[in-house]
Structure formats: structure tokens, C-alpha cells
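Visitor: I would like to go through the pockets of this protein with you, and then look at one of its residues. Could you take the questions in turn?

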Amino acid sequence: MGNFKRKTNRKNIKQVKHNMRCKNSLENKTKKQVAAEYFKQAINDRAIEEQTIADTLIIFIYSLNKVYGFGRKRIDRLFQKVTLTSSCIRDGYVTFDDLQTMLKQEAKYKYYRMNIKDLKTREQKVKMRVIEEMTLIYIFSVMDVFEFREKRICRLVKAMGEIGQELTAKKYTIDDIEKYLWEKVHVNFDHDFSHVNDEGAA
């Protein structure tokens, strides 16, 4: 009887070990799948961010040209400030809240940010976060370099909104705006948040 129990126990232990190996294998596979999905989502988010940054910059520069006649020289000055401000945020020297505070104090302009949580899809949330952050950087930069204040900023933001609506209505495309800015202002936008200029533009 005792020998039967030992055999039974050994059999049970082997089964338990087998079950544990299967469970560990399943858990490891699940972790790999989760990691793969996370990596895939991160790549997708980054692609959305880069495209949105480029599009927002193009709309902003187009608005400045359309409303205030900005040419290449002023765009160059503005872009240097935008790059510096972005670097300061990335390196932790300043925050978006700091920019909002400075806009309110110096330009008397209150920048409103929407509740992104209300948006339905992840793509919408990523896009809106980038649009709000980059627009804040652009507005702060134009205030700091060209001393824009509330009235001029409001006019600029209104123009950006109207252009956004026209793009949504498919009256023209981002590519059309890029072509216009190249032909009229000699500014060529790359999609890595930079632009290349030719000589001779006003």
C-alpha cells in the first residue's frame, strides 16, 4: 500500500511539474505578445506624433503668412525660437504649464487646453495632445520673438482654426499648403520638424 502511495505521489508530482511548465510557457508567450503589441503601438503613436507635428507647423506658418505676411526671414527667426523652446521642454528646463503662465502674464492671453480624455480613440488623443502642445510652443515663440499680444494671437489662432476646418472639408490639402509656401515664401518643410530654405526670399 505504501509503495502504491509513493508511486501515486511521484506521478502526481510529475503531473504538477508538467502543468507548471505549461503555465510558465503560456505566461511567457502572453508577455511576449503584450510586449509586441506595446512596441507596435509605440511605433504607431510616434508616427502619428511626427506627422501631426509637421502638419501643425505647416498650418501655423501658413497662418502667419496669410494673416501677417510672414516671409522667410521672420520664419527663420521664429523657427530658431521654436527649436530652442522645444529643446528646453524636452530637457526639463521648462514645462507647458510654464509657457501657459508666461503667455497669460506677458501677452494677457489665456491658452485653453481641452480634456483629451473625452476623445474616443487613441489616435485622436495622441493627435490632440500633440496639436495642443505644439501650438502652445508656437504661440509662446511668436510672442517672445515678435512681441505678439492677445489681440494678434487671437487673430492668428482664429486663422489656424479656419484653415483646419477647410482642410477637414477637403477644400485643399497639407501638400497644397506646402507647395504654396515653397512657391511664395521659399520655405520647404521636411517631416522631421525642420525646414530648408533657398536664398533670395523676402
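Visitor: How much space lies in the second largest pocket?
Guide: The model is a predicted one, and the values that follow are computed from it. The pocket is lined by 15 residues, with Ile53, Ser86, Arg90, Met134 and Ile137 nearest its centre, and the elements that give two or more residues to this lining are α1, α2 (72-90) and α4. The space in this second largest pocket comes to about 310 Å³.

Visitor: Which element gives the largest share of the lining of the largest pocket?
Guide: The largest pocket has a volume of about 680 Å³, and 20 residues line it, with Thr56, Ile59, Ile131, Met160 and Gly164 closest to its centre. Two or more lining residues come from each of α1 (2-68), α4 (122-146) and α5 (150-168). The largest share, six residues, is given by α5.

Visitor: How many charged residues are in the lining of the second largest pocket?
Guide: For the largest pocket, the lining divides into 10 nonpolar, seven polar and three charged residues. In the second largest pocket the lining has seven nonpolar and three polar residues, and its charged residues number five.

Visitor: Does Met102 count as buried, partly exposed or exposed, and why?
Guide: Met102 sits in helix α3 (residues 96-107), and, leaving aside residues up to four places away in sequence, it touches Val94, Ala107, Phe140 and Met143. The C-alpha atom of Met102 is 8.0 Å from that of Phe140, although the two residues are 38 apart along the chain. Because its relative accessibility is 23%, and buried means under 20% while exposed means over 50%, Met102 counts as partly exposed.

Notes. Residues numbered from 1 in each chain as written. Predicted model: local features only at pLDDT ≥ 70, side-chain atom pairs only at ≥ 80, totals over all residues. Heavy atoms only, no water. 1 Å grid on protein atoms, 1.4 Å probe; cavity = no way out; pocket = protein on both sides within 12 Å on 5 of 7 lines; lining within 4 Å. Points joined across faces, edges and corners; volume = space filled by probe spheres on them. Helix = DSSP H or I, 4+ residues; strand = E, 2+ residues; numbered from the N terminus. Nonpolar A, V, L, I, M, F, W, Y, C, P; charged D, E, K, R; others polar. Buried < 20%, exposed > 50% of the residue type's maximum accessible area, 1.4 Å probe, protein only. Contact = heavy atoms within 4.5 Å.
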